[in-house]
Amino acid sequence: MEISKLDASQRGMLSLAYLGDAVYELLVREHLMADKNFRPNKLNAQARRFVTANAQAKAVEYVELTKEEADIFRRAKNSKPQSVPKSTEIGVYKTATGLEAVFGYLHLTGQHQRIHTLFEQILSHIEEKKDGE
């Protein structure tokens, strides 16, 4: 399903984040499967470096958003979530939601190359940090 930028930007920000969460997690799983041959429980442990709210909130620091992406991010971050996991601070959760909404927006508008560009920016910092540990 591909829709116009206007239609996508008029969707609920939390709905965009819902879709973006799945898009982001699929990218993470594909990345882990390409480089490693772990059992599923080990893959899940590796995925946590990317898909937790804390990791996603930190990932925002590594991406350069366009003006339209920054607008989606801001609007999603300012949305009022129905619930927040007890183990996550509200600000962190909202920042992660903003990133997920950007990925959802880009997916809905067919900007798949841009999705991969942003994910590569995130990967380069996470992998760099891992190598430096």
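Let's start with Arg74: its relative accessible area is 43%, so it counts as partly exposed. That label covers anything between the two cut-offs, with buried meaning under 20% relative accessible area and exposed over 50% (1.4 Å probe, protein chains only). A word on where this comes from: the model is predicted, so local features need pLDDT of at least 70 and side-chain atom pairs count only at pLDDT 80 or more, while totals for chains, interfaces and linings use all residues. Residues are numbered from 1 along each chain as its sequence is written, and side-chain values use heavy atoms, leaving out hydrogens and water.

Arg74 has a salt-bridge partner in Asp71, with the closest N and O atoms 2.4 Å apart. (A salt bridge here is a side-chain nitrogen of Lys or Arg within 4 Å of a carboxyl oxygen of Asp or Glu.) Both Asp71 and Arg74 sit in helix α5, three residues apart, which is about one turn of the helix. Helices are DSSP runs of H or I with at least four residues, strands are runs of E with at least two, and both are numbered from the N terminus. Asp71 is partly exposed too, at 29% relative accessible area. Arg75 joins in as well: Asp71, Arg74 and Arg75 are linked in a network of salt bridges.

What about the buried side of α5? The buried residues of this helix are Glu69, Ile72, Phe73 and Ala76. Looking down the axis of α5, these buried residues fall within an arc of 100 degrees, so they line one face of the helix. The arc is taken from the directions running from the helix axis to the C-beta atoms.

## Other salt bridges

How many salt bridges does a search of the whole structure find? The count is six. One of them joins the side chains of Lys5 and Glu68, at 3.4 Å from N to O. Lys5 belongs to helix α1 (residues 5-9) and Glu68 to helix α5, so this pair ties together parts 63 residues apart in sequence. Lys5 is partly exposed at 42% relative accessibility, and Glu68 is partly exposed at 29%.

Arg29 and Glu25 also meet through their side chains in a salt bridge, at 2.8 Å from N to O. They are four residues apart in helix α2, so about one helical turn separates them. Arg29 counts as partly exposed at 47% relative accessibility, and Glu25 is partly exposed at 24%.

## The nonpolar core

Now for the inside. The largest nonpolar core has 33 residues, and those with the most contacts inside it are Tyr24, Phe103 and Ile122. Such a core is a set of buried Ala, Val, Leu, Ile, Met, Phe, Trp, Tyr and Cys residues joined through side-chain atoms within 4.5 Å. Two or more of its residues come from each of α2 (13-35), α3 (40-51), α5 (67-77), α6 (90-108) and α7 (112-132). The top contributor is α2, which gives eight residues.

Who does Phe103 touch? Setting aside its neighbours within four places in sequence, Phe103 is in contact (heavy atoms within 4.5 Å) with Gly20, Val23, Tyr24, Leu27, Ile115, Leu118, Phe119 and Ile122.

## Helix α6 and what follows

Helix α6 has 19 residues and spans 26 Å from its first C-alpha to its last, close to the 27 Å expected at 1.5 Å a residue. That expected span is 1.5 Å times one less than the number of residues. Just after α6, Gly110 takes a positive phi of about 75 degrees.

## Rings that pair up

There are three aromatic pairs in the count. Rings of Phe, Tyr and Trp (its six-membered ring) pair if their centres lie within 6.5 Å; planes under 30 degrees apart are stacked, over 60 edge-to-face, and the rest tilted. Tyr24 and Phe119 are edge-to-face, because their ring centres are 5.7 Å apart and their planes stand at 85 degrees. This pair links distant parts of the chain, with Tyr24 in helix α2 and Phe119 in helix α7, 95 residues apart.

Phe50 is buried, at 0% relative accessible area. Taken together, ring pairs link Tyr24, Phe50, Phe103 and Phe119 into a cluster.
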